[in-house]
Amino acid sequence: PNSKAGDGKPRLLLMGQRRSGKSSISSVVFHKLPPSETLYLETTTRIKKESMHSFMDFQVWDFPGHLDYFDPAFDVDNIFEEIGALIWVIDAQDEYLEAIMRLNTTILNLQHSYPNINVEVFVHKVDGLSEDYKGDTFRDIIQRVQDELSDNGYENAPVSFYQTSIYDHSIFEAFSKVIQKLIPQLPTLEALLNSLCSTCHIEKAYLFDIMSKIYIATDTSPTDIGSYEICSDYIDVVIDVSEIYGWPRSEQNGDDENLTETGNNDAESLITMERKGNNYLYLREINKYLALICLMGDDSPAEKKAVIDYNVGVFQAALKQVFPRAERDAADAPAA
Ligand code: GDP
C-alpha cells in the first residue's frame, strides 16, 4: 500500500543534515563501498536521484542537509507523492538537537499531507559510542520525537527508530526492515519461508536482494544478527562466482538491457550447499535479483540436499506467483 511510485516499486528517500552520513550509507549499501573509504566521500551537496538496479529497483534520493525542502519553490508533491518511506539520518556522535527540530517539523508536515509515508529514523554512527551512551542517546531521541508528536495530537504516526552504523551489519538490518514494510506480499513470503523451514529442518531462511544484501523477507522464527551475517557474507562468494562466469548483474542503470536474462533459468541458476563451522549453508539463486539462503544445523547433513532442492523448487515456483511482475520485468528489458 505504501509503494506509491508510478512503476509500482517502493521508493525510499534519504534525508538528514550535512555530514550525517547519507552518502556513506547509500555508497556502502548500494555500491559496496568499503566503509573506511567513506572518509573520502564528498558530502552531499545536491539532490541525487539514483536508480538502483536490484529486484526492488528503488530509488534513493539523497538530499543535502541545508536544503529547505518545504520551500514553496520546491516541488514537494512531486517528491512525496512517490515515496513509501522517508529515512531520516541523525548523527548520534554529534549535537543532534537541531537535527531533531528539523525532523519534527518534517514529520508534522508529512502527517498533514502524506500521513502514509513511513518515517524511519536512523540514529546513525553508533559505532563510536559506549553501550551506555548509545542507549541513552537512542532513548533521548525517541522521547524528543514522540513528545513533539503527542503534543501535536499525532500519537500513532508511523515513525520508527533504528541504531545504525556502516561499520557493521546494522545498516543492512535497518534497511531490510524498512523495505519489508513496503512489500505488500510480505505475509505470503513469510508463510512460504516458514513452511520451507519446517519441511526441511532449516533453522533460518532469508530471501536476499543480491546487489544490496538487503533481505526482503525471512521466516518468522527469531532472528539473531549472527545468522544474517553468515548468510550475507555468503552472498559475496556468489557474486564473485557469478562474475567469473559472466552473469549479467550490472549495478549501473540499464547497462545490461541488451543482455539476455539468465537468472530464471533453472539450468543456470546457482545452487550450492556448504559446511560452515557447525552449520550448513544452502544458497539458490531465485532470479537475477534474488537469492534464497538457508542456514541449517549439524543435524541436517548433506544427504538431505535432494529434499531441500525439491522443496526450494516448490518455493521458487510459488514465488513466481507472488511476484508475477518481477517475472515480466525479467523477461522485458529492465525499466530505466
Ligand atoms: P552526508 O553529508 O550526509 O552525505 O554525510 P557523508 O556520507 O559525507 O558522511 C560524513 C562523514 O561521516 C564521513 O566522514 C563518513 O566516513 C562518516 N560516517 C558515515 N557513516 C558513519 C558511521 O556509521 N560511523 C562512523 N563512525 N562514521 C560514519
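Lys 204 counts as buried because its relative accessibility is 3%, where buried means under 20% relative accessible area, exposed over 50%, and partly exposed in between, with a 1.4 Å probe and protein chains only. Asp 219 is likewise buried, with a relative accessible area of 4%. The side chains of Lys 204 and Asp 219 meet in a salt bridge at 3.6 Å, N to O, a term that requires a side-chain nitrogen of Lys or Arg within 4 Å of a carboxyl oxygen of Asp or Glu. The pair links distant parts of the chain, with Lys 204 in strand β7 and Asp 219 in the loop between β8 and α7 (225-244), 15 residues apart; helices (H or I, at least four residues) and strands (E, at least two) are DSSP runs, numbered from the N terminus.

This is a predicted model, in which local features need pLDDT of at least 70 and side-chain atom pairs count only at pLDDT 80 or more, while totals for chains, interfaces and linings use all residues. Residues are numbered from 1 along each chain as its sequence is written, and side-chain values use heavy atoms, with hydrogens and water left out.

## Other salt bridges

The structure holds eight salt bridges, among them one in which the side chains of Asp 91 and Lys 125 meet at 3.0 Å, N to O. This pair also links distant parts of the chain, since Asp 91 lies in strand β4 (residues 85-91) and Lys 125 in the loop between β5 (118-124) and α4 (131-151), 34 residues apart. Asp 91 counts as buried at 13% relative accessibility, whereas Lys 125 is partly exposed, with a relative accessible area of 22%.

Another salt bridge joins Asp 140 and Arg 144, whose closest N and O atoms are 3.0 Å apart. Because these residues are four apart in helix α4, about one helical turn separates Asp 140 from Arg 144. Asp 140 is partly exposed at 25%, as is Arg 144 at 37%.

## Helix α6 and its buried side

In α6, the buried residues are Leu 186, Leu 189, Leu 193, Leu 196, Cys 197 and Cys 200. They cover an arc of only 100° around the axis, taken from the directions from the helix axis to the C-beta atoms, which puts them on the same side of α6. The face turned away from this buried side carries the exposed residues Pro 187 and Ser 198.

What covers the buried residues includes α5 (170-180), β7 (204-209), β8 (214-218), β11 (290-296) and α8 (305-322), where contact means heavy atoms within 4.5 Å.
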